[in-house]
Amino acid sequence: MKEETLDPENWEELRQIGHQMVDDMLDWLQTLRDRPVWQPVPDEVKARFQQRLPLEAQNLREVYKDFLTDVLPFPNGNQHPRFWGWVHGTSTPFGMLAEMLAAGMNPQVGFGERSAVYVEKQVIDWCKEMLGFPSEASGILVSGCTMANVTGLTVARNAKAGFNVQQQGLQNSNAKMMLYGSSETHSSIQKAIEVLGLGNESLRRIPVNSDFRIDLAALKKAIAEDRAKGLKPFCVIGNAGTVNTGAIDDLNGLADICEAEDLWFHIDGAFGALAALSPQYRPVLKGMERADSLAFSLHKWTSMPYEVGCALIRHPDKHRQSFSATGAYLLPLSRGVSSGIWFSEYGVQSSRGFRALKVWLSIKENGINKYRRLIEQNISQAAYLASLIEASPDLELLAPVPLNVVCFRFVKRNLAEDQLTELNRELLVRLQESGIAIPTYTTIKGKFAIRCSVTNHRSRREDFDLLIENVIKIGKEIT
Ligand SMILES: Cc1ncc(COP(=O)(O)O)c(C=O)c1O
């Protein structure tokens, strides 16, 4: 009987295709600026994604050709210099190669004695240092800030419930557990509390001031009212960079309230936390170091390839208690392959990929000072964009720009609010379809806003000139 394997029969052929792949991808990355930012997936390409399940092997070169024709040309555009949608990351060529090395080694980074767990431990230590978080804190790399929020809030719920949630479940709670965050809190927090069985109603959305930062007096009042009703406040969520406007809550003020009220202090710092790399912006983030848990992404403002986020927890014992379920087949030993570091006891996943490698290699490639400069560059580009908007009679800036997010719209006299919404929505879609630039949108105080979030290391000032030129041109064409 002939035994089979998934290794190639012809290593030489694979080697050639592999080299070709590396060359093609580096060419593609080097010429991003020459292509449209985005284009829709053509119908004939979509049709080819409805092929029957392949039962037999296909020719490798043909398979690779399918990638080149049907996959590669239709990304969402986030690597292009003029992509400023949502809060996406841009990635780097070396990050791509790091991913290849990680997949080549393919270690299971859940637990055990292997280099990969020490790389991850080192990356987490670096993250603590970057953000001024206490060195005794524990941490784990996860898929992104959503999972980092889930991780932090799981520990918060378990630590503050006053009974053993893991053993007894939330059914055992005699008082409804309540969390507090501003009305600008990201939807991933809602997802987290829904997943945790707390329910969306347990999150009190506290109003913000005119600068979109949480109103501390309203927060204190809400906590007191809930206590008076017999509810159980347990956690406050601070925003270090809101998704809508980049606002940073008064984190020191929130930490004081949490201390006085004995509440867990969680910070969603998806992208904004990284502004702490800059001495210029660190003061605005004062208080971040006092959080019980801090969630952020590394695939956004530090341009690591998707996916990688990080949760840091000030209390390693509480962190481990929340996730340490094991089995007879899954127990640390003091020696052998089952010794080492057990990340599976600090997060939901048992099997885990080598996310840490791209972070470790990229930080060495660039040095933290380069990330700091790029973050400062993006913030000053956002300020430049805001200045272009303010200088134009056709445009209206819809929110202050404390960081890297710019919200604006095209305006025309005598148009009602709903007509302005219609106009700006059409303008935005035409701009996206033109392939010139990709902002996305949000609503600011009831107004439809074109929104640019600048976390792109490839953007240049001239890209923002081109954006504004085209927004005004398309706006005038429509009106
Ligand atoms: C403030 C904020 N929190 C959380 C998230 C979710 O992060 P991720 O997409 O890495 O899961 C985002 C995403 O943009 C965000 O802006």
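Helix α6 (residues 145–160) has 16 residues, which at 1.5 Å a residue should span 22 Å, and its end C-alpha atoms are 22 Å apart, in agreement. The expected span is 1.5 Å times one less than the number of residues. Helices (H or I, at least four residues) and strands (E, at least two) are DSSP runs numbered from the N terminus. The model is predicted: local features need pLDDT of at least 70, side-chain atom pairs count only at pLDDT 80 or more, and totals for chains, interfaces and linings use all residues. Residues are numbered from 1 along each chain as its sequence is written.

**Helix α6 and its end**
- Of the 16 residues of α6, 14 are buried, so the helix is mostly covered; a residue is buried if 20 or more other C-beta atoms, placed from the backbone, lie within 10 Å of its own, exposed if 12 or fewer, and partly exposed in between.

**Overall chain**
- The chain comprises 15 helices and 11 strands.
- For 479 residues, a compact globule would have a radius of gyration near 23 Å, and the chain agrees with 24 Å; this radius is taken over C-alpha atoms, and the globule rule is 2.2 Å times the number of residues to the power 0.38.
- Along the principal axes, the C-alpha atoms fill a box of roughly 70 × 70 × 45 Å.
- Buried residues make up 44% of the 479 residues.

**Nonpolar core**
- The largest nonpolar core has 125 residues, and Met288, Leu294 and Cys310 have the most contacts inside it; such a core is a set of buried Ala, Val, Leu, Ile, Met, Phe, Trp, Tyr and Cys residues joined through C-beta atoms within 7 Å.
- Helix α13 (residues 368–391) gives the most to this core, with 9 residues.
- Beyond its neighbours within four places in sequence, Cys310 is in contact with residues including Ile124, Cys127, Phe296 and Leu298; a contact requires C-beta atoms, placed from the backbone, within 7 Å.

**Seven-stranded sheet**
- An open sheet of 7 strands runs in the order β1-β7-β6-β5-β4-β2-β3, with mixed pairing; two strands pair if DSSP finds at least two bridges between them.
- Strands β1 (138–142) and β3 (203–206) stand at the edges with a single partner strand each, so one side of each lacks a neighbour in the sheet.
- From one strand to the next, the twist averages 20°; axes are lines fitted to C-alpha atoms, for helices over the stretch in contact, and angles run from 0 to 180 degrees between N-to-C directions.
- Strands β5 (residues 264–268) and β6 (residues 293–297) pair in the parallel sense over 3 bridges, and Ile267 stands opposite Leu294 in β6.
- Helix α8 (residues 187–195) packs on the sheet, touching β2 (177–182), β3, β4 (232–239) and β5, and its direction makes about 160° with that of β3.

**Loop residues and backbone geometry**
- Gly353 lies in the loop between α11 (316–323) and α12 (355–366) and is buried, with 20 other C-beta atoms within 10 Å.
- Gly353 and Gln108 are 245 residues apart in sequence, yet 5.9 Å apart in space, C-alpha to C-alpha.
- Most residues other than glycine have a negative phi, and most peptide bonds are trans.
- A cis peptide bond with omega of about -5° joins Tyr306 and Glu307; Glu307 lies in the loop between β6 and β7 (309–313).
- Ser303, in the loop between β6 and β7, has a positive phi of about 55° and is buried, with 21 other C-beta atoms within 10 Å.

Terms used
Two residues are in contact if their C-beta atoms, placed from the backbone, lie within 7 Å.
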